[in-house]
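Here's a quick tour of one model, going from charge pairs to cores to surface.

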Amino acid sequence: MWAAFCNIWKIKELRSRLLFTALIIVLVRFASNIPCPGVDPVALENFIHKMSSSSDTASGFMNMIDIFSGGALAQFALGALGIMPYITASIIFQLLVPVIPSLEKMQREGETGRQKITQYTRYLTILVCIIQGTMVAVAMINPTRLGLGTPDQPLVLGNAGVFLVSAVIVLTCTTMVFMWLGEQITDRGIGNGVSLIITIGIVSRLPVAVIDLIQMALKGETPDGNTFRPVQLLLLLLVFAVVTAATILLTQGYRRVPIQMVRKTVGSQLTGGSTYMPLKVNFANVMPIIFAGAILMFLVPILGWFKLYGLAAMFQPSHSGYMIAEGLLILAFSFFWVANQFNPIQIADNLKKEGAYIPGISPGKATADFLDTAMTRVTFGGAIFLMALALFPSFLYSNFGIPFMVAQFFGGTSLLIMVGVVLDTMRQLESHLTMRNYEGFLKSGRLRGRSGN
């Protein structure tokens, strides 16, 4: 493996792509540390520290959002919204394409149709930015109104109305620039640019989590006053390794459905024979956790807006109500995503047209029913595994007093995104190496990304 990393720098094109990607990442991180105009940085730092040291709803809510912005939200930086509005818009269109015939027709038009959908996604991203930018700007102006706590001094300098408008414009423009930079990484760099930007934001919080763990081991207690010894630190590192390995298995796991294709001659080549169709265990990937987390995250400020603070407290990460609600939402969205994206009838029709069939299963409706049943069973197992992975950070946070920022790296969206993006990026690097007759990262077999390719 180390030889493969050394070989990367011997290939001029690959070296250029890596350096270009690194440059874009530096620019993104730079924008994520420049405070937005109109915010008192000292007052905001004191307020965030006050919230972080508490175990109420505000602390869990703010920490959860801050992870995906790479710490930009805690500073209310230019990149406070990060790239998540674009992800939200993309998910919305993925759900709408199978439902709206005009969008489905547009997608079937090939590259031209996909470009149109991409353009519409950008327009929707602007709308999402305006909505989310307004929410976070209002939170800076009057955090008490949203149930996020009371700062010791005002967080916003000058006129609140002027700040609201300027903040929304600045945050929206920064997100659109991030989106464009992500596309540049995809075209001219290595890996999926948007996913890499999110991953780098998450990884940027990792040193803070490590320092918190070391400080807890040196002090001998957690922020909540629970005992924490060096041996517990070693156990946590072991747990992290096990959870990471389980996440890789979840990401890479699939069930093979045997496919028999009729042998036929195409030109001078003989095609057909035995192959298989992979049914991914985690077909929805990280989407169910994102959906569930988004609903619960925005539920807190909405309940706070209507001054339902008691009900909002039930949906803080340390409360059992939050864990139950998140688990049920993950299960529901796992099946919803599969039902929306996996079409067994269409797959069965395509197999029949190509002269392929599943051994022992009649073509047509019987094949569709078999695929539907098999996918439902696979999805159920994957959804249970995904639910356990998503709830594990909340379990550490509520039962062992592990800080929420630290616990998030032991499962949930953060770990799934990091594992998936790293696998995809390494797969692309391996493809470049093997294409130029260099040995890949594995001596036997090859890496598969989240798409299973």
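## Salt bridges

A salt bridge here is a side-chain nitrogen of Lys or Arg within 4 Å of a carboxyl oxygen of Asp or Glu. This is a predicted model, where local features need pLDDT of at least 70, side-chain atom pairs count only at pLDDT 80 or more, and totals for chains, interfaces and linings use all residues. Residues are numbered from 1 along each chain as its sequence is written, and side-chain values use heavy atoms, with hydrogens and water left out.

Searching the whole structure turns up three salt bridges. One of them joins E13 to R17, with the closest N and O atoms 3.4 Å apart. Both residues sit in helix α2 (residues 12-31), four residues apart, or about one turn of the helix. Helices, by the way, are DSSP runs of H or I with at least four residues, numbered from the N terminus (strands are E runs of at least two). E13 has 37% relative accessibility, so it counts as partly exposed; the scale is buried under 20% relative accessible area, exposed over 50%, and partly exposed in between, using a 1.4 Å probe and protein chains only.

D369 and K365 pair up too, at 2.9 Å from N to O. They are also four residues apart, about one turn, in helix α16 (residues 365-399). D369 is partly exposed at 36%, while K365 is exposed at 63%.

What does the R122 and E183 pair link? The two side chains meet in a salt bridge at 2.9 Å, N to O. The pair links distant parts of the chain: R122 belongs to helix α7 (residues 111-141) and E183 to helix α8 (residues 160-188), 61 residues apart. R122 is partly exposed, with a relative accessible area of 24%, whereas E183 counts as buried at 17%.

## Nonpolar cores

In soluble globular proteins, nonpolar side chains tend to be buried together. For this report, a nonpolar core is a set of buried Ala, Val, Leu, Ile, Met, Phe, Trp, Tyr and Cys residues joined through side-chain atoms within 4.5 Å. The largest core has 61 residues, and I83, I91 and F228 touch the most other members. Helix α16 gives the most to this core, with eight residues.

If you click on F228, its contacts (heavy atoms within 4.5 Å) include L213, M216, A217, L233, L236 and I402, leaving out residues up to four places away in sequence. Another core lies apart from the largest one, with 19 residues, among them C36, L44, V136 and A167.

## Cysteines

How many disulfides does the structure hold? Zero, taking a disulfide as a pair of cysteine sulfur atoms within 2.5 Å. For C129, the nearest cysteine sulfur is that of C173, 9.1 Å away. C129 is buried, at 0% relative accessible area, but C173 is partly exposed at 45%.

V203, L206, V210, I214 and L218 make a nonpolar surface patch of about 420 Å². Patches are built from residues with over 30% relative accessible area and no salt bridge, joining like charges within 9 Å and nonpolar side chains (Val, Leu, Ile, Met, Phe, Trp, Tyr) within 5 Å. The areas come from the Shrake-Rupley method with a 1.4 Å probe, and for residues only the protein chains shown count as cover.

Helix α10 (residues 206-219) supplies the largest share of the patch, four residues. V203 is in helix α9 (residues 193-203), and its 33% relative accessibility makes it partly exposed.
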